[in-house]
Amino acid sequence: MLQRIVRFCFAHGSHKPTGPIYAPSVQDKMIYINVYNDGEFERIPAYVGESLLSALRRFNVTNIPGDCEGGEQLDSMLENPIQTNTFGPSCGSCHILIQSPWIEKIRDPFYLEELVINRQDYPVAKHSRLACAIKLEKWMDEMEVSIPINENSENM
């Protein structure tokens with residue numbers, strides 16, 4: 001039915017479909033993230049376009065409270081290019097470690113993300129990032145993420 005409607009709409013314009021038209025399936029927009037958390041391994045599904053923090057919270061991954069949920073304007077942190085007048089993340093409780101080779105492919109952290117990471121009490125590594133500031137993309141399928149244990153977290 002959908003194909004007939006689309007073909008009818010295109011028939012009256014200059015764009016004509018060349019083959020069958022398919023709506024994208026959920027599987028086309030789904031990736032998997034491998035999470036190493038407190039000695040445990042967990043493989044969680046996530047959707048392309050959402051933040052890594054959203055996927056981790058949806059599956060109740062422990063040791064990652066994400067109290068500020070990315071700040072007041074999370075969507076502007078996930079845009080490409082980043083909206084410059086954003087308040088960004090404020091708490092840093094969604095600190096994660098992204099393993100190689102994925103960390104080399106992810107864009108550099110926005111300066112607000114760097115400020116939050118650098119002012120925290122935990123040790124910072126070169127592959128430290130905030131889960132709220134990572135927008136998931138199709139190439140991130142099977143990405144490996146470690147959640148460091150933060151002694152100051154109340155949700156452990």
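**Helix H5 in its setting**

Tutor: Buried residues make up 38% of the 156 residues in the protein, where buried means under 20% relative accessible area, exposed over 50% and partly exposed in between, with a 1.4 Å probe and protein chains only. This is a predicted model, in which local features need pLDDT of at least 70 and side-chain atom pairs count only at pLDDT 80 or more, while totals for chains, interfaces and linings use all residues. Residues are numbered from 1 along each chain as its sequence is written, and side-chain values use heavy atoms, with hydrogens and water left out.

The protein has 5 helices and 5 strands; these are DSSP runs numbered from the N terminus, helices being H or I with at least four residues and strands E with at least two. Along the sequence the pattern reads α-β-β-α-α-β-α-α-β-β.

Helix H5 spans residues 111-118, and Leu 112, Glu 113, Val 116 and Ile 117 are buried there. These four lie on the same side of H5, because they cover an arc of only 135° around the axis, the arc being that of the directions from the helix axis to the C-beta atoms. An α-helix has 3.6 residues a turn, so residues three or four places apart point the same way. Leu 115 and Asn 118, on the other side of H5, are exposed.

For the chain as a whole, residues 24 or more positions apart account for 63% of the contacts with a separation of 6 or more, a contact being heavy atoms within 4.5 Å.
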